[in-house]
Amino acid sequence: MNTIQERAAAAAGRTAEERNDESAPADAPEYTPEKLSDPGIPEPGADGPEQVPVHVAWSRVMGTVRGIAKGAWYGRAGERGSYQFRGVDAALNAFGPACRLHGVLVLPVKTDAAYRDVKTSTGKSSRECTVTVTYRIVGPAGDFLEVQSVGESMDSADKGTAKALSTSLRSLLLLGGLVPTDDPEPDSSYVERGEAPVRPAVSYVDEICDPRTSAGRLRQIHHELKTARQLGALVTNETGGEEAIGDLVVRLGKERAAGGAE
């Protein structure tokens, strides 16, 4: 089974060489890029697209893009662990000409990103990136719709954000364009969730004591510690003394709230 990192790399359409190779196992399957062909969508005429409302123009884009095949392979076809996928380039190859034909722009106007350090299945350090992107779909008459799409990736180099943005855009085009995917139904498989490992209380101390940590985040930490029944765990506080971590969070939280660090 491929790791999340490998699946994210494939979704973003990057080879191991392009990923600086330190983030890929030596025996990782090869990525076979998709051979994109002309979708046969004409360019707009000399008079440009018809000046219709954005929802009508986007509906026409959806009518032009009827399906996008899975044309790229991760690994060799038929080998264990290999699979076909529909990359962002395939989505852009179909939606780009359709949007130009009907005078539609798809523009990212806001991006919220979150990061956390994780380990791969082989124990290698990596970084997970999750982005929530707000896109503005502008019609030929200048009116627009705003929608959001989420993307996620994992990378041990510096390409995690770019990968997450690529998967976000692909999801927007496929879901917002109601493109049939021919993928298995979510209910066709069942995975039993295991117990998540409990984060040790001491691992919170640096974040709690950091003056940049807001009172709101401290309240969240208090809730996490309470859920894990660790409020009474003794830790070394910011002055070097021993203190129950629950008391530490409450004390510093009151100080941050009084200082307006919400």
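Strand E4 and strand E5 (residues 125-138) run antiparallel and are joined by 14 bridges. In this predicted model, the two belong to an open sheet of 3 strands in the order E4-E5-E6, with antiparallel pairing. The protein chain as a whole holds 7 helices and 8 strands.

- E5 and E6 are paired in the antiparallel sense through 12 bridges.
- Valine 138 faces phenylalanine 144 of E6.
- E5 and E6 make a hairpin with 5 residues between them, and in its turn glycine 142 has a positive phi of about 100 degrees.
- Helix H4 (residues 160-176) lies across E4, E5 and E6, and runs at about 135 degrees to E6.

**Surface and burial**

- Of the 262 residues in the protein chain, 36% are buried.
- Leu105, Leu107 and Val109 make a nonpolar surface patch of about 250 Å².
- Leucine 107, a residue of strand E4, has a relative accessible area of 38% and is partly exposed.
- Among contacts between residues at least 6 apart in sequence, 62% join residues at least 24 apart.

**Valine 52**

- Valine 52 sits in the loop between strand E1 (31-32) and helix H2 (54-64).
- Is valine 52 buried or exposed? Its relative accessibility is 9%, so valine 52 counts as buried, the cut-off being under 20%.
- Leaving aside residues up to four places away in sequence, valine 52 touches Ala57, Arg60, Pro140, Ala141 and Asp143.
- The C-alpha atoms of valine 52 and glycine 139 are 7.4 Å apart in space, while the two residues are 87 residues apart in sequence.

**Positive phi outside glycine**

- Leucine 178 is not a glycine, yet has a positive phi of about 50 degrees.
- Leucine 178 is found in the loop between H4 and helix H5 (205-209), and is exposed at a relative accessible area of 65%.
- Arginine 229, also not a glycine, has a positive phi of about 55 degrees.
- Arginine 229 is placed in the loop between helix H6 (215-227) and strand E7 (234-236), and counts as exposed at 80% relative accessibility.

**Salt bridges**

- Side chains of opposite charge can pair when their charged atoms come close.
- The whole structure contains 13 salt bridges.
- One of the pairs is formed by the side chains of arginine 127 and aspartate 117, at 3.5 Å from N to O.
- Because arginine 127 lies in strand E5 and aspartate 117 in strand E4, this pair ties together parts that are 10 residues apart in sequence.
- Arginine 127 counts as partly exposed at 43% relative accessibility, whereas aspartate 117 is exposed at 64% relative accessible area.
- Which residues are linked in a network of salt bridges? The network consists of Arg199, Glu207, Arg217 and Glu224.
- Within this group, the side chains of glutamate 207 and arginine 199 meet at 3.9 Å, N to O.
- Glutamate 207 is partly exposed, with a relative accessible area of 25%, and arginine 199 is likewise partly exposed at 34% relative accessibility.
- Glutamate 207 also forms a salt bridge with arginine 217, where the closest N and O atoms are 2.6 Å apart.
- That pair links distant parts of the chain, with glutamate 207 in helix H5 and arginine 217 in helix H6, 10 residues apart.

How values were computed:
Residues numbered from 1 in each chain as written. Predicted model: local features only at pLDDT ≥ 70, side-chain atom pairs only at ≥ 80, totals over all residues. Heavy atoms only, no water. Pairing = 2+ DSSP bridges. Helix = DSSP H or I, 4+ residues; strand = E, 2+ residues; numbered from the N terminus. Contact = heavy atoms within 4.5 Å. Axes fitted to C-alpha atoms, helices over the stretch in contact; angles between N-to-C directions. Buried < 20%, exposed > 50% of the residue type's maximum accessible area, 1.4 Å probe, protein only. Patch = residues over 30% accessible without salt bridge, like charges linked within 9 Å, V, L, I, M, F, W, Y side chains within 5 Å. Areas by Shrake-Rupley, 256 points an atom, 1.4 Å probe, with all protein chains shown as cover. Salt bridge = Lys/Arg side-chain N within 4 Å of Asp/Glu carboxyl O.
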